[in-house]
Each structure stands twice: as C-alpha cells, then as structure tokens.
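Subject: Structure for you to look at

Hi,

Here is the structure I promised to pass on, with some notes to read beside it. Please open it first and then follow along below.

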Amino acid sequence: MAVGGGGGGANEFLPHPVKEQHPGVDFCVSSSPAWPEAILLGFQHYLVMLGTIVIISTILVPLMGGGNVEKAQVIDTFLFVAGINTLLQTLFGTRLPVVMGASYAFIIPIISLTLSRRFSGFTDPRQRFKQTMRAVQGALIISSLFQMIFGFFGFWRILARFLSPLAAIPLVTLTGLGLFARGFPQLAKCIEVGLPELIILVVLSQYISSMIKSKRAIFDRYAVLLSVAIVWVYAEILTVAGAYDNRSLKTQISCRTDRAGLISASPWIRVPYPFQWGSPTFNAGDALAMMAAAFVAIIESTGTYIAASRYGSATHMPPSVLSRGVGWQGIGTLLNGIFGTGTGSTASVENAGLLGLTRVGSRRVVQISAGFMLFFSVLGKFGAVVASIPLPVVAALYCVLFAYVASAGLTLLQFINLNCFRSKFILGFALFMGLSVPQYFNDYLLISGRGPLHTGAIWFNDIVQVLFSSPATVAAIVAFILDSSLGRGHSSTRRDSGRHWWEKFRYYNQDTRSEEFYGLPYNLNRFFPSF
C-alpha cells in the first residue's frame, strides 16, 4: 500500500528510533565543562536545592518551638549535611549527578511527633524545640538503618530487577508531576513576583536561547541564575518602595525580601556538629512512622535517579548500582539524625530537572555544588542572604524543573508497546490512582486535621498516611504489582512492557558502558564489586 501525501518519502513516516542514552546532552555524567562554567553551574544547583530546605524548615521549626535563630541553625545544619551526602552519593553511591536534599516525605511523621502530648509540658519554647529535635534525631537514626539494610543487603536490587520501563513510567512521571502543589499554588501567594519569574525563566531558557544561536549556550544554561537575579532585584525594589507596607502579614511574608528573618538570626561563622541539640531520644512508634517515610524517600529517590540517568545521558542503572545508592542514602539519613537537620534526605527532584534544563548532566558540576553547600553552611550570613529569596520565586522555578522530571518519565514510553491494551490499562490506571489516592488522603487531612485512618495506634495511622500521600509511591506500587502479575503467561508481555530493552543492564557486567558511568573511583570496584 502506498503512503500518500506530497513531497516526503517513506522514511518521513517512520517512528523516532529508541535511544538508550538521551541525545542532545552537552555534557554527560562522566564529562565536565570548563572550570569557570562548572563553578557557575554548581552555584546554580546550590541555589535550586536551597528552596526546599528553607520551606521545610519554615514549616517544622516553629511547630517545634523554635524561632528565627533555630530556623537559621537548622537550615545551616541541613546545608552542611546535604553537602556531605551529595559528595558521598556522587562518589560512592549511584555516581549520578544528583543532589541529596530535604525530603517532604518526613513532614507528616515529624509533625505528628511534634504535636505529641509528651512535649506539651515544656513551657520554654527553646527547651521544647530541643526535646522535640532530639526525638526526631532518634527516629531518623532508626529509619536510616532500614534504608541501609534495604540497600547494602541487596533487597532493593532484587526488586529493581523486576522493574520494567512500563512500571517505571508512572514512578518517574509522578516523582515530578506529583509535586504540582509546590508549584503554581505557592507561586500565586505573591503573583506579582512569582509570575514574572516564571515568564522570564521560560522566555530565557526556551525562546531567546533558540533565537540566539551560540556555542556557549548562555541563556538556557544560566536561565535560573539570570531570571532569579532580575526578579530578586525587582522584588527588592517593591519592598523598599513600600508596596507591601499596608498589606496583610501573610502577603508580606510571601512577597517581601526582608521578612525571612534569616539574615539577622544567622551567625557570621558557625560549624554544625554532631548532637548539637543533645543526645537523641528513641520511641518505637516514632521510629516505625519514620521508617515508612524512609521507604517513601527510597521510592521517590529511585524515580529521581532514573531521571538523572536520562538527563546525564547515561545508560539505565544496573539494579546493583541503584541498591548501592539506596544504602548510601541510608548513611545520609543517619547523618541527618546525628547532626539534627530536622528531616530526612532524598534525591532532589528540582536539581534533576535542572540537568534537563541546562543539558549539563555532569557529575563534577554537582560535586562543586556540594562545595557551595558546605561553604555557605559555615558562613551563615552569606548563606542567609541567598536563602531570603521570596518563596514564590522558588515555586516558579519548580513549575519548570518538576516538569522536566515528569517528562523524563514520559521519555520511557519509547521502550513499551503503546498499541497493547494491557500497557494502556497499567499506565493509565497507575497514573490516575497515583494522583487520585494522595488527593483523597491530603484533602482529608486538610479538612479534619487528621488522616482517614482512626485507630488507637497513632504510629500506624501515620504509616498509612505517609505511604498513601505520596503520588510516586502509590503509582509505583500499583504499576509494579499489575505489571508483575497481569498477563504473565502471554509470550508478548515481556516485550510489551519493554523488559527486553533493560535486560542487558540487569547485571552490572552485562554492558561495558556501566563501568564508565557507574564504576567506583580509585579502583574500589575490586573491593566492592557490583553484581
């Protein structure tokens, strides 16, 4: 049958070829731009990861009883530990260009712990803050053991070997898309600042970069730095001009550049140290709820790792490398507990999106950003200046960066058979349930102040609330179970799910490229082989 329609040949109608490594990336995982450019890009990663730390600290520290001084100390402490964790993950973990930042998954059990009756007897807010933080530290230390056992003992490797591209699509997509509430709803809290940031970022990174052809790729590669600088100055002008003097306190906190309270509260120099709030305290219920959050952090980080491997133009991660990364993530959570950061760690979704925006997936750039984290965590005043950027500006960045991670999940569609009704059902049902179930749990919590489960065991209620409030977790569980059980006897199931594309990466030594992207430095693979 002839293919009609004008001037093109038959090749014009062929589908795009499948790419195991993402094309169009300027610098892959194992390459790096020149040092001046790498330093600027590293600072940009630091700027992007800082927002989540500030947001989570702003939520949790006042509930614990802390003020601006404690909030500044917690932010500096988390920055310090994040720098260490990022270096450990990029050197000995997955070796991917991922930043280890603050996790939203731990907020629910920490708030539940904070509101516990055993802390209501403290009348001194600072004393209550210290006691609560010590309880959080104990729960984080126990939950870190769960992550280390899951990773280093190979349990996550076993599960990952059964993960197909079909099951990975909802996981990676909702790792980014599931954070939609952190985007425009937060941007709209100060629309006159947040919306210009979003527009300028899109114009610089997409339109101007395509109109101005340059080998240096300035506008798309540094769009975050340029747009934040422009809007930050604009917000400062509005603040100085008195645009918010007669506005509500809520608006002033969102819009003004001098309301964060971090600059005056931060010391010039302060080095975070272990157990700075006192010795950790341990509670079985707190630890169990925190372990659920640690499990969610593993799943969400897995989605981020896959996205980072795509935007770093690496091959698919061997399950042994993924399990190794989870183990080192557990060590990171242990450091969170030892230093008292107030929450646990996860692979930063926004920084994985930045890899796609800049097309620079270099491991060295992310390691340089870890240097900035350590530097600004010690020099508190300088870090506080950057951390005082209005949060609607940060939310505008999220609108673009989370979208890149979501689209990284959609790129995996190339590996599966979209003409198969089994694939359509699993894909659509997992995505729908991944959005619908957390929406129910979050709405219930918002309206009633508690989750839909009302058993006498608060820790069990928290476990269920944590697990089913995460879109990526719900979608991954649904997709994994359906893909592993539905139509197993059919001969075409394996190819329809795309398993044959990832078969060569099931074991570390099956593909020679694995050593280039995931091999440990200093010939450590001889002592710690991957299987």
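Glu 516 touches Ser 30 and Arg 363, not counting residues up to four places away in sequence; contact here means heavy atoms within 4.5 Å. The residue is found in helix α24 (residues 513-518), where helices are DSSP runs of H or I with at least four residues, strands are runs of E with at least two, and both are numbered from the N terminus. With a relative accessible area of 44%, Glu 516 is partly exposed; buried means under 20% relative accessible area, exposed over 50%, and partly exposed in between, with a 1.4 Å probe and protein chains only. Thr 315 is 201 residues apart from Glu 516 along the chain, and their C-alpha atoms are separated by 9.7 Å.

Before you go further, please note that this is a predicted model, in which local features need pLDDT of at least 70 and side-chain atom pairs count only at pLDDT 80 or more, while totals for chains, interfaces and linings use all residues. Residues are numbered from 1 along each chain as its sequence is written, and side-chain values use heavy atoms, with hydrogens and water left out.

Now to the helix packing. Helix α1 (residues 35-64) packs with helix α3 (residues 107-114) at an angle of about 15°, their axes 9 Å apart. Axes are lines fitted to C-alpha atoms, for helices over the stretch in contact, and angles run from 0 to 180 degrees between N-to-C directions. That angle makes α1 roughly parallel to α3, since angles under 35 degrees count as roughly parallel, over 145 as roughly antiparallel, 65 to 115 as roughly perpendicular and the rest as oblique. The crossing of α1 past α3 is left-handed; this is the term if the near helix is turned anticlockwise from the far one by less than a right angle, and right-handed is the term if clockwise.

Which residues meet between α1 and α3? From α1 they are Ile 56, Ile 59, Leu 60, Leu 63 and Met 64, and from α3 they are Ile 107, Ile 110, Ile 111 and Thr 114. The residues of this contact divide into eight nonpolar, one polar and no charged. In that count Ala, Val, Leu, Ile, Met, Phe, Trp, Tyr, Cys and Pro are nonpolar, Asp, Glu, Lys and Arg are charged, and the others, Gly among them, are polar.

α1 also packs with helix α15 (residues 349-358), at an angle of about 145° and with the axes 9 Å apart. This crossing is right-handed. Here Leu 41, Gln 44, His 45, Val 48, Met 49 and Thr 52 of α1 meet Glu 350, Asn 351, Leu 354, Leu 355 and Thr 358 of α15. The contact of α1 with α15 has five nonpolar residues, five polar and one charged.

The largest nonpolar core has 142 residues, and Phe 106 and Val 224 have the most contacts inside it. Such a core is a set of buried Ala, Val, Leu, Ile, Met, Phe, Trp, Tyr and Cys residues joined through side-chain atoms within 4.5 Å. α1 gives this core its largest share, 14 residues. Apart from it lies another core, of six residues, among them Val 81, Leu 88, Leu 335 and Phe 339. The contacts of Phe 106, leaving out residues up to four places away in sequence, include Leu 140, Met 290, Ala 293 and Thr 343.

Is Gln 329 buried or exposed? At 1% relative accessibility, Gln 329 counts as buried, and its place is in helix α14 (residues 319-339). Among its contacts beyond four places in sequence are Gln 89, Gln 147, Tyr 305 and Thr 346. Thr 473, in helix α21 (residues 471-485), is buried at 0% relative accessibility. Beyond its neighbours within four places in sequence, Thr 473 is in contact with Val 296, Ile 299 and Leu 467.

Last, the backbone. Phe 275 has a phi near 55°, a positive value in a residue other than glycine, and sits in the loop between α12 (262-265) and α13 (284-311). Ser 313, in the loop between α13 and α14, also has a positive phi, near 55°. Phe 275 is partly exposed at 39% relative accessibility, whereas Ser 313 is buried at 12%.

Best wishes
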